[in-house]
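I opened a new model today and went through it from the whole chain down to single residues. My notes follow.

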Amino acid sequence: MLNYLQRHFDLQIGISSLLLTIIGLVSVYSATYDARASDIFFKQLAWSGAGTVVLIAMALFPYRLLQTISIPAWLFSLLLLVIVLLLGKTVSGSTSWFNLGSFRIQPSEFAKITTVLALASYLSRSDVSLRNPRDLFLAGGIVLAPVALIMMQPDFGTAVIYGGMAFAVMYWGGASQFTLLSVVAPAAAAVGALFGTTPFLIVVAVMGVLIYLTKEHRLVAAVVFSFMVLVGISVQFIYDGMKPYQQRRIDTFLDPGADPLGAGYNILQSKVAIGSGGVFGKGYLHGSQTQLNFIPEQWTDFIFCVPGEEFGFIGAATVLVLFAVFLMRGVTLASKVKSKYASYVAIGLTATIATHVFINIGMALGLFPVIGVPLPFLSYGGSSLLSNAAMVGILMNLYTNRKEY
């Protein structure tokens with residue numbers, strides 16, 4: 001029986017994602033226990049049931065048909081992103097939701113999957129190479145089209161996820177060091193500029209040397225370097241054009257203690273919750289920061305605080321180990337499947353989950369600004385849970401068909 005399951009199902013991906021979902025339900029229950037928000041837990045329970053159906057459906061979906069519909073599915077998701085801009089519901093300043101009775105659906109969560117599928121379908125063509133500028137430009141267009149629509153909502157956090165996914169897929173696809181550096185350099189310059197003139201100049205100097213060392217063409221290298229500097233210089237203008245709450249998030253990232261009762265409140269309380277858990281935690285439903293509602297809507301972006309506070313280092317480490325098992329298995333799967341398309345899909349979906357985990361836990365620890373990125377399988381949210389379930393189902397589908405060309 002075990003041998004049969006191991007041949008047809010990726011048990012490591014299945015079991016780790018199942019345990020993470022259970023930890024998520026337990027954490028959401030705790031976070032809503034004294035917050036008079038018990039309906040949140042039951043909604044999450046209902047989404048978990050729906051997610052199981054989605055996972056099974058994607059795991060059994062005909063593999064060849066999945067590749068065939070990759071581009072049409074991406075086009076359909078772009079259409080939904082346009083429609084949501086015109087008819088969607090605005091929540092917390094972002095027009096990114098469709099109302100379905102008492103539930104809400106966020107199309108950008110599912111567009112992540114269709115973008116991975118479309119990118120994989122294009123890059124797996126025998127006549128496409130990431131070292132060809134034209135092919136690289138078209139591959140970038142597949143990613144940037146949904147990103148542009150999502151930025152119009154605006155939803156910066158979701159757009160960042162696409163960047164992490166695209167970088168991983170390009171690296172996996174054999175893009176040159178210069179191409180990868182061209183993606184990283186502008187982002188590094190922007191972050192350096194946020195911290196001040198000196199950090200910005202240091203980043204520009206380091207990236208300039210790296211661009212020179214990896215240059216493939218002098219003119220192209222000059223364009224990349226100029227664009228990097230332009231992005232850095234534009235940061236102040238972009239900052240001035242942001243809404244006050246967006247500026248406060250960046251200010252809080254740079255100095256969480258500057259506004260401890262305002263924008264920095266969540267981050268400081270999150271660090272207190274995780275740090276106060278000790279080795280074994282305060283006990284389930286006994287976390288002071290969690291049960292006394294020190295962290296508003298903790299069941300969304302700051303759900304990692306619950307296992308960190310109530311189960312301590314053991315609880316937080318368990319979550320991290322389960323994610324590590326899931327992600328390492330995803331990379332292993334990408335290297336074992338025989339089809340180029342399947343390999344790109346596996347690495348793209350794994351990178352999508354990894355970027356979520358990296359940023360969300362970084363937010364909870366005060367290492368990244370709060371940009372509204374949920375923790376996969378744990379954070380409350382139907383769209384997030386369904387899209388995560390779909391990704392797990394697709395990965396299990398790839399494992400079952402790992403010998404297909």
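What share of the contacts in the chain with a separation of 6 or more comes from residues 24 or more positions apart? I found 71%. I keep in mind that this is a predicted model.

**Whole chain**

I looked up the secondary structure next. The chain has 18 helices and 3 strands. Along the principal axes, the C-alpha atoms fill a box of roughly 60 × 60 × 45 Å.

I then checked burial and surface. Of the 405 residues, 49% are buried. The accessible surface is about 19,000 Å², and carbon and sulfur atoms hold 70% of that area.

I also looked at charge. The chain carries 23 positive and 17 negative charges. Their mean positions lie 11 Å apart.

**Helix H8**

Which helices do the buried residues of H8 pack against? I noted H6 (107–123), H7 (133–151), H9 (177–195) and H17. The buried residues of H8 include Gly157, Ile161, Tyr162, Met165 and Met170. Just after H8, Gly174 takes a positive phi of about 90 degrees.

I moved to the loop between H7 and H8, where Gln153 sits. Is Gln153 buried or exposed? Its relative accessible area is 3%, and buried means under 20%, so Gln153 counts as buried. Leaving out residues up to four places away in sequence, I listed what Gln153 touches: Leu81, Val84, Leu85, Gly93, Ser94, Thr95, Ser96 and Ser108.

**Val373, between H17 and H18**

My last stop was Val373. This residue lies in the loop between H17 (340–364) and H18 (382–400). Its relative accessible area is 1%, under the 20% cut-off, so I put Val373 down as buried.

Which residues does Val373 touch, not counting those up to four places away in sequence? I noted Gly157, Ile161, Asp301, His356, Ile359, Asn360 and Met363. Gly157 and Ile161 are also among the buried residues of H8.

I checked one more pair. Val373 and Gly24 are 349 residues apart along the chain, and their C-alpha atoms are separated by 15 Å.

Terms used. Residues numbered from 1 in each chain as written. Predicted model: local features only at pLDDT ≥ 70, side-chain atom pairs only at ≥ 80, totals over all residues. Heavy atoms only, no water. Helix = DSSP H or I, 4+ residues; strand = E, 2+ residues; numbered from the N terminus. Buried < 20%, exposed > 50% of the residue type's maximum accessible area, 1.4 Å probe, protein only. Contact = heavy atoms within 4.5 Å. Areas by Shrake-Rupley, 256 points an atom, 1.4 Å probe, with all protein chains shown as cover. Lys, Arg positive; Asp, Glu negative; His and termini not counted. Charge placed at Lys NZ, Arg CZ, Asp CG, Glu CD.
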